[in-house]
Protein chains: 2
Amino acid sequence: MSLTNATPLQVAQAARTGSRKLAVLSAAERNASLTAIHEALAEGKEEVLAANGKDLEEANKAAAGGHLSQSLVKRLDLGKKGKYEDMLQGILDVRDLEDPINKTTARTLLDDNLVLSRITCPIGVLLIIFEARPEVIANISALAIKSGNAAILKGGKESYHSFAAIASIISQALSQTAVPSDCLQLVQTHDVVSDLLKLDTYIDLCIPRGGNKLVRYVKDSTAIPVLGHADGICTTYLCADYPADKAVKIIVDAKTSYPAGCNALEQLLVDEAALTTTLPAVAEALLQKGVSLRCDAASLAALKGTLDPHSAALLQEATDQDFDFEFLDFVLAIKTVHSLDEAITHINTHSSHHTDAILTFDSAAANTFLAAIDSSSVYWNTSTRMADGQRYGFGTEVGISTNKIHSRGPVGLEGLTIYKWTIAGDAQVSTEYGAGGKAWKHVKLPLSDDEMVAQNDEERELLRKFRAGKAAVSDI
Amino acid sequence: MSLTNATPLQVAQAARTGSRKLAVLSAAERNASLTAIHEALAEGKEEVLAANGKDLEEANKAAAGGHLSQSLVKRLDLGKKGKYEDMLQGILDVRDLEDPINKTTARTLLDDNLVLSRITCPIGVLLIIFEARPEVIANISALAIKSGNAAILKGGKESYHSFAAIASIISQALSQTAVPSDCLQLVQTHDVVSDLLKLDTYIDLCIPRGGNKLVRYVKDSTAIPVLGHADGICTTYLCADYPADKAVKIIVDAKTSYPAGCNALEQLLVDEAALTTTLPAVAEALLQKGVSLRCDAASLAALKGTLDPHSAALLQEATDQDFDFEFLDFVLAIKTVHSLDEAITHINTHSSHHTDAILTFDSAAANTFLAAIDSSSVYWNTSTRMADGQRYGFGTEVGISTNKIHSRGPVGLEGLTIYKWTIAGDAQVSTEYGAGGKAWKHVKLPLSDDEMVAQNDEERELLRKFRAGKAAVSDI
C-alpha cells in the first residue's frame with residue numbers, strides 16, 4: 001500500500017498479483033497481519049492525528065468559505081473522544097470473527113473415489129470507493145485481509161493527509177507479515193477512478209460507500225459488478241389492528257433515531273380504518289420530534305379533524321414525488337391505503353427494495369406481506385432501522401446491498417467471498433457415465449464436523465430427543 | 001407468453017408484474033403449471049414439428065447458399081429421434097427437483113421474540129438470450145417457473161416458427177394454471193435486444209446462452225448483471241509422477257469427447273521431467289484421435305525424439321497466441337513447465353477461470369494447486385469435461401458461470417434464487433440496544449427439521465456415535 005505515481009493499470013495488476021498470494025495464506029497468517037496493523041496504528045496515533053489535523057484545518061477553511069458542510073468536517077475528525085480507539089478495536093473485532101474462507105459448504109460423492117466439494121474462497125480484487133471518513137480505511141483493510149481479498153481503496157480528497165498517514169503505517173506493518181503490501185492499494189486522485197472502473201479484467205467487485213450520486217456514477221460507469229445501494233426508501237405499513245403505543249414506538253424509532261441512515265423510514269402507509277384511531281397518536285409523536293408530515297388527502301383530512309389546531313397547522317400536503325423520494329431528514333410522507341394488496345403493490349413499485357415493514361397482529365396478513373414484498377429486508381412489527389450488519393450479528397458490515405444477486409441486505413464478510421468447486425478423483429472420465437455406462441451416485445456427504453447435519457429422519461429424531469433431554473451422549 | 005407488437009418496455013413491465021404474482025405461488029401451483037406445459041407440448045407435437053419443418057426448410061436453403069453451417073441446421077432439427085421426447089422429459093425432471101425457494105437458510109434469535117431469518121426467493125425477471133436450439137425454450141421456461149422467476153426469452157431467428165409454435169402452446173397451457181402467462185415473454189426480433197439490455201429497472205439478471213461473441217456483446221451493453229462465461233480455456237497440468245495409462249485416459253476424454261464444449265481441454269502443461277516419459281504416450285493417443293498438437297520448443301523437441309517419424313511429422317509449433325485461445329476443435333496447445341508454481345501462475349494468467357486440473361499422486365502438490373487456482377472448478381486426477389450441472393448432481397443446469405460473484409461453475413436452480421431477510425418482532429426498536437441499553441442475544445437457531453444441524457460438541461458426538469452404529473433412536 002503506497003501513494004505512488006503508478007498508473008491505474010499498474011495498481012490493478014499489483015492488486016491482482018497480491019490477491020493470488022493472499023488467497024492461499026492461512027487464517028493465522030491473515031489474523032497476524034491484522035494484529036500487526038492494530039499495533040502499528042496504536043503506536044502511530046500521534047502521527048495520524050497530526051496528519052488529520054492538517055485535513056481538519058483545510059476543511060475548516062473550506063467550511064468557513066461555504067465550500068464544505070460542517071457535518072463533513074465533523075466526520076473528518078479522528079481526534080473526537082473514543083473515535084481512534086473504536087477504529088483500533090474494530091480491527092481486532094474483524095480479526096476475531098470466524099474465518100469466512102476455506103469452508104466446505106457442500107460435498108457430493110459422484111462415484112467411488114470421486115468427490116465433489118464446494119469450498120468458500122475470496123472473490124479476488126475489490127475496488128472500494130468511499131467518501132470522507134478516514135477511519136473507514138482501517139475497517140475496510142481489515143475486512144479485505146480477513147476475507148483474503150486484495151483491495152484498491154479510493155478515499156475522499158478531504159481526508160488526503162489522514163489517509164496517507166494511515167496508509168504508510170499499514171504498509172510498514174504489512175511488510176513484517178506474510179500478507180504482501182500490494183494487497184492494499186491506496187489511490188487518492190479522483191481522475192483515476194474512471195480508469196479503474198474500466199479494468200474489469202483485474203477488478204472483480206466494486207463497492208461504493210457513499211451517497212446516491214456516487215453509487216449511481218459507479219453503476220453507470222463500469223462492467224465490474226457493483227455491490228451497494230443507491231437509495232434507501234423504506235416504508236412501513238400500519239394496519240388498523242395494531243395498538244397505538246407500539247406503533248408510536250416503532251415509527252418514531254424508524255423515522256427519528258437517525259434520519260440520515262439508509263434504513264430510516266421515509267413513507268408511512270396507513271390502513272384507512274386506522275386514520276382516526278392509531279394515526280393521530282403516531283402523528284402527534286412525530287410532530288413533537290420535529291418531523292414534517294407530508295400527508296395525502298385522506299390522511300390530511302383525518303388528522304386535521306383529530307389533532308389539536310396547533311399540531312394540525314404543521315401538517316403539509318404530499319405531492320406524488322414525495323412517494324419516490326429519499327428525504328434523509330425529519331420528513332415523512334403519509335399515504336392512505338385500502339387493502340393489504342394496495343400496500344404491497346405500492347411498496348413494490350415505490351420503495352427502493354431496501355427495508356420495509358408491516359405492523360399488525362394478523363399473522364396471515366403479515367405472512368402475505370413478508371412473502372410478497374420484494375425487498376432485501378422485510379419486517380413484521382419492528383423498526384426498519386434494524387437493517388444493519390452489527391444488529392444482524394455479522395460483527396461488522398461492508399454495506400447494505402439492494403442488488404438482486406450475490407448478497408442482499410446487510411453484507412458481512414460472507415458477502416466478500418465466493419466458492420470454487422473441486423473434484424478429487426482417480427482417473428474417472430466423463431465418457432464412462434451416462435447412456436450405456438456407469439450411473440452417477442450423487443450421494444450428499446456430511447460436511448466437516450462443525451457443520452454436521454442430520455442426514456435422515458432417524459438422525460433428526462435422535463437430535464430432537466437429545467434436545468428434549470431424553471438422551472445423553474454418555475448413555476450410548 | 002405471446003408474439004406481440006409490444007415495445008421492449010411493455011414486455012419488461014409485463015414480466016415484472018407477472019413475476020410478483022409468480023413469486024408468491026406455492027410449489028404445488030408452480031409444479032402443476034409444468035405438468036400442464038408438458039401435457040400441452042406432448043399433445044402439440046405435430047404442430048410444433050410442422051413449424052420446425054418450415055424453419056428447417058429455410059435453414060437448408062440458407063445452408064445450400066453457404067449462409068448457414070450444417071451443424072446449425074442439425075441443432076435446429078426437433079424431429080431427430082428422441083429429441084422431442086427428451087425435451088418433454090426435461091420439463092418433468094425440472095418439476096420433480098426440490099423446490100429452490102422459500103427455504104430458510106439461517107435463523108438468529110436477536111432478542112426474545114425477535115427472530116431474524118434468511119429465506120430463499122426468486123431473483124425476479126430474467127432475460128435469457130439464446131442461439132438456435134428451439135428445445136431450449138421449454139427447458140428454460142421450466143427452470144424459470146420452477147424457481148419462481150419471470151423470464152423474457154429471446155431466441156435465434158433461425159428457429160422463428162418453432163419458437164412461435166412452442167410459445168403459443170405454452171401460453172395456452174399456462175392460461176389454465178395459477179401461473180400468469182405474462183411470466184414468460186417471447187421476443188424474436190433482434191433489434192429489441194439492445195433496448196431490453198437498457199431496462200435494468202425491470203430486468204434483474206441476463207443469461208446469454210451462446211458463443212463468445214454473444215456473451216461479450218451482452219456484457220459490454222448492459223448494466224444488468226450477466227451470468228455466464230465468454231470463454232472456456234481449460235488447462236490440465238501433467239506432473240511427472242502420474243502414470244501414462246491414467247494420463248492418457250483423462251486427457252483423451254478432456255480433449256476429444258466433445259471439443260466444442262466449454263469444458264473441453266485447450267492447453268496441456270507438462271512437467272519437464274514428464275516430457276520423455278509420460279508425454280509421448282499421451283501425444284500418440286491424441287494424434288490417433290486426430291488432434292493437432294501445438295507444442296512449445298521443449299515439448300516439440302522431446303516428442304520428435306521419442307515418437308515414430310510418422311507421428312512426429314504431424315507435430316506443430318505453438319505460438320504465444322495458442323495459449324490464450326479457445327480452439328473448440330481437435331487442437332491442443334502443449335507447454336513445458338518447470339515447477340508447480342510456474343503451472344499455477346500460467347493457469348491463473350492464461351486460463352479463462354472455467355475448469356483446470358492437475359494430474360499427480362502427490363497430495364501436497366494437488367492441495368496447493370486446488371487452493372491456488374482461481375477458477376470456478378479445479379480438479380485433481382479427473383477430466384475437465386466433468387464440469388457440468390447434470391454431472392454435479394444439480395439435475396439440470398442454466399449454464400456455467402465464470403463470474404466471481406453470486407454463482408460460480410455449473411449453475412443449477414439455486415443460481416436462479418437469492419434470499420431476503422425477515423424479522424418478526426414485538427415492537428422492539430433499534431434505540432433499545434447498544435451502549436447503555438439491552439444487549440443483542442445473537443443466538444443461532446436451528447433451521448427447519450429438514451436441515452437440522454448439530455449445534456454443539458455433544459450433539460456432534462451423538463451423531464457420530466449413532467452413525468458408528470452405537471446408538472439407535474429406539475434405544476432412547
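This report describes the interface between chain A and chain B in a predicted model.

## Basis of the description

Residues are numbered from 1 along each chain as its sequence is written, and chains are lettered from A in the order in which they are written. In this predicted model, local features need pLDDT of at least 70 and side-chain atom pairs count only at pLDDT 80 or more, while totals for chains, interfaces and linings use all residues; side-chain values use heavy atoms, with hydrogens and water left out.

## Extent of the interface

Contact (heavy atoms within 4.5 Å) links 92 residues of chain A with 92 residues of chain B. The buried area between the two chains is about 8100 Å², and carbon and sulfur atoms give 58% of this area. Buried area is the accessible area (1.4 Å probe) lost by two parts on being put together, summed over both.

## Salt bridges

Ten salt bridges are found across the interface of chain A and chain B. The term denotes a side-chain nitrogen of Lys or Arg within 4 Å of a carboxyl oxygen of Asp or Glu. A salt bridge joins A:Arg118 and B:Glu414, whose closest N and O atoms are 3.4 Å apart.

## Strand pairing between the chains

The elements of chain A that give two or more residues to the side touching chain B include helix H1 (8–23), strand S16 (417–424) and helix H16 (457–467); helices (H or I, at least four residues) and strands (E, at least two) are DSSP runs, numbered from the N terminus. H16(A) gives the most, with ten residues.

S16(A) runs parallel to strand S13 (residues 377–380) of chain B, and four bridges join them. Strands pair if DSSP finds at least two bridges between them. A:Thr422 has B:Val378 as its bridge partner in S13(B).
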